[in-house]
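My notes follow in the order I checked things.

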Amino acid sequence: MLGIILSRWTSLEFNYNNDVKRPLENLILRFALSAIIVAAITFLCYRWLHVNYATVGFFFLLAVLFISANWGLRYATVTAILATIAYNYFFLPPLFRFTIADPQNWIALLTFLVTAVVASQLSERARRSALSAEERRREFERLYALSQQLWLTDNAFELLNFIPKKIVDSFGVSGAAIFIERRQDGYFFDGASRRLFPLDQLKAISDRGEPVLDREHRICYVPLRMGVRSVGSLAVSGCDLSRESLEAIGSLVAISIERANTVEKLTKSEAARESDRLRSVLLDSVTHEFRTPLTSIKASAETLLSDARLDKPQREDLLQVINEESDRLNRLVGEAGEVAQLDAHQLQFHFEPHQIREAIDRAIENLQPALRRHSVEINVPSNLPSLRMDIERISEVITHLVDNAAKYSPPDTPIHITAELKGAEVITSVADHGSGIDAMEQEMIFEKFYRGREQRMIIQGTGMGLPIAKAIVELHDGKIGVTSQTGHGSVFSFSLPTRYRPTSSGIDVLSPGRSLPHS
């Protein structure tokens, strides 16, 4: 019964303040409950149990230990005194008097009182140690969670605006702000934090390099340190955290900021190197590809300008070479321009409802010279839904796929173009009877300027067509891929969504949600 009484009341009791749990009930109620518990034990042992006074002493001692472990030393001490009085009055002869006849009972009474008080102190010390350890564990968990959240982003600007909110969310404080020396600027959780923490005060803490803890107003300042170097300062309001926890938070924030700055620098450096590499590769590739058509045009023009006697068919052949090679040069220049636009994210689209068959027909019409030695078999159902697309761009995708099929397939082999509806997508495929693509190269062929190891020295090309096609399809919220088996040909397929949601802003939002601007 004693355990039930204690468990029902101790379930209401704790709140964290200054790293130690304090009871929710007021002092008078706790002392009254202690007296009730002593009275309950006295009544049970005197009226019902009829045990000897040694057993009663153990009951009282047990109650004192329970109260000390759950409520604290002050309540246990009062309980021990009340228990001593009840023990003397009801159980030590002469009964119902505050005198003791046998001197040995004095020893028993004093022993009980001393044991109860000492045991209460030991229990209170163990209780405080347990509560302190539990609070430290909670703080470690919060610090670990904060460290995981601070490493979610590598963008320094985004991280700086993100830190005050995460500190408030993780540690239950009311406000937070940080100051960064490198930027000479502050970042705040909200407007109240901005008013509470002046920028001059934050800068002073950073320059000073020492924490300032105002426990009375629950405002704490700590420097953000990287080793012995201060990179800024952190301010927290509504703060009951220990100094060690605050310094740990400051170190975590400093490390995360320095990491984000370092990653940002490395990213910019890597982007600059990659841009230089791509520029060099593009220049080499385009220069090499320009040389062949220019040589053909130059030779044909010199022949036409010479005194050589040419009949009409010969002259027409030379003019046809000039015309085709000029178109090829124009296409190369267009592809180079598109690659530059892709890198600058400046591709513009005109979206309108069209049938996929319209894009296929346009592509076939543009590829007549390349398809002179190949037949094209088209299988497109007439009941396919209209797609929201930029027909010029999608026609360009099909042109790249069909042109590659013609280049890499033996002469007089057919090229198959099919389209079908699958769920909420229309899937368009271009199949050839070429040599196929090695499994290791099937993902790499969509990278800029990459060309197959077997074909790069045999078949002309820049390696820009498939990357451009992939970018266009993905900007339509579609996907592109290839299925191939060495020696049996390849099938390139791309999907376009059938569902779209027009918005009042003039931006077409295609399923599942990417928005693309009109030009």
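For a salt bridge I require a side-chain nitrogen of Lys or Arg within 4 Å of a carboxyl oxygen of Asp or Glu. I keep in mind that this is a predicted model.

**Entry 1: salt bridges**

I looked up the total first: the structure holds 13 salt bridges. I then went through some of the pairs.

Arginine 182 and glutamate 258 meet through their side chains, at 3.9 Å from N to O. This pair links distant parts of the chain, 76 residues apart. Arginine 182 sits in the loop between strand 3 and strand 4, glutamate 258 in helix 9. I noted glutamate 258 as buried, at 15% relative accessibility.

Next came arginine 225 and glutamate 210, with 3.5 Å from N to O. Arginine 225 lies in strand 6 and glutamate 210 in the loop between helix 8 and strand 5, so the bridge ties together parts 15 residues apart in sequence. Arginine 225 is partly exposed at 28%. Glutamate 210 is also partly exposed, at 36%.

Glutamate 247 bridges to arginine 243, and their closest N and O atoms are 3.1 Å apart. Both belong to helix 9, four residues apart, which separates them by about one helical turn. I read 30% relative accessibility for glutamate 247 and 39% for arginine 243. Shared partners join Glu210, Arg225, Arg243 and Glu247 into one network.

**Entry 2: helix 11**

Which residues of helix 11 are buried? I found Ile356, Ala359, Ile360, Ala363 and Ile364.

**Entry 3: nonpolar cores**

The largest nonpolar core has 40 residues. Ile356, Ile394, Ile398, Leu401, Val402, Phe492 and Phe494 have the most contacts inside it. Elements that each supply at least two residues include helix 11, helix 13 and strand 14. Helix 12 gives the most, eight residues.

I checked the contacts of isoleucine 356, leaving out residues up to four places away in sequence. Its partners include Val380, Met389, Ile398, Ala419 and Phe494. Another core, of 29 residues, lies apart; Leu150, Val236, Ile249 and Ala254 are among them.

**Entry 4: surface patch**

Phe43, Trp48, Leu49 and Phe59 make a nonpolar surface patch of about 440 Å². Helix 2 provides the largest share, three residues. I placed phenylalanine 43 in helix 2, and noted it as partly exposed at 46%.

Terms used:
Residues numbered from 1 in each chain as written. Predicted model: local features only at pLDDT ≥ 70, side-chain atom pairs only at ≥ 80, totals over all residues. Heavy atoms only, no water. Buried < 20%, exposed > 50% of the residue type's maximum accessible area, 1.4 Å probe, protein only. Core = buried A, V, L, I, M, F, W, Y, C linked by side-chain atoms within 4.5 Å. Contact = heavy atoms within 4.5 Å. Patch = residues over 30% accessible without salt bridge, like charges linked within 9 Å, V, L, I, M, F, W, Y side chains within 5 Å. Areas by Shrake-Rupley, 256 points an atom, 1.4 Å probe, with all protein chains shown as cover.
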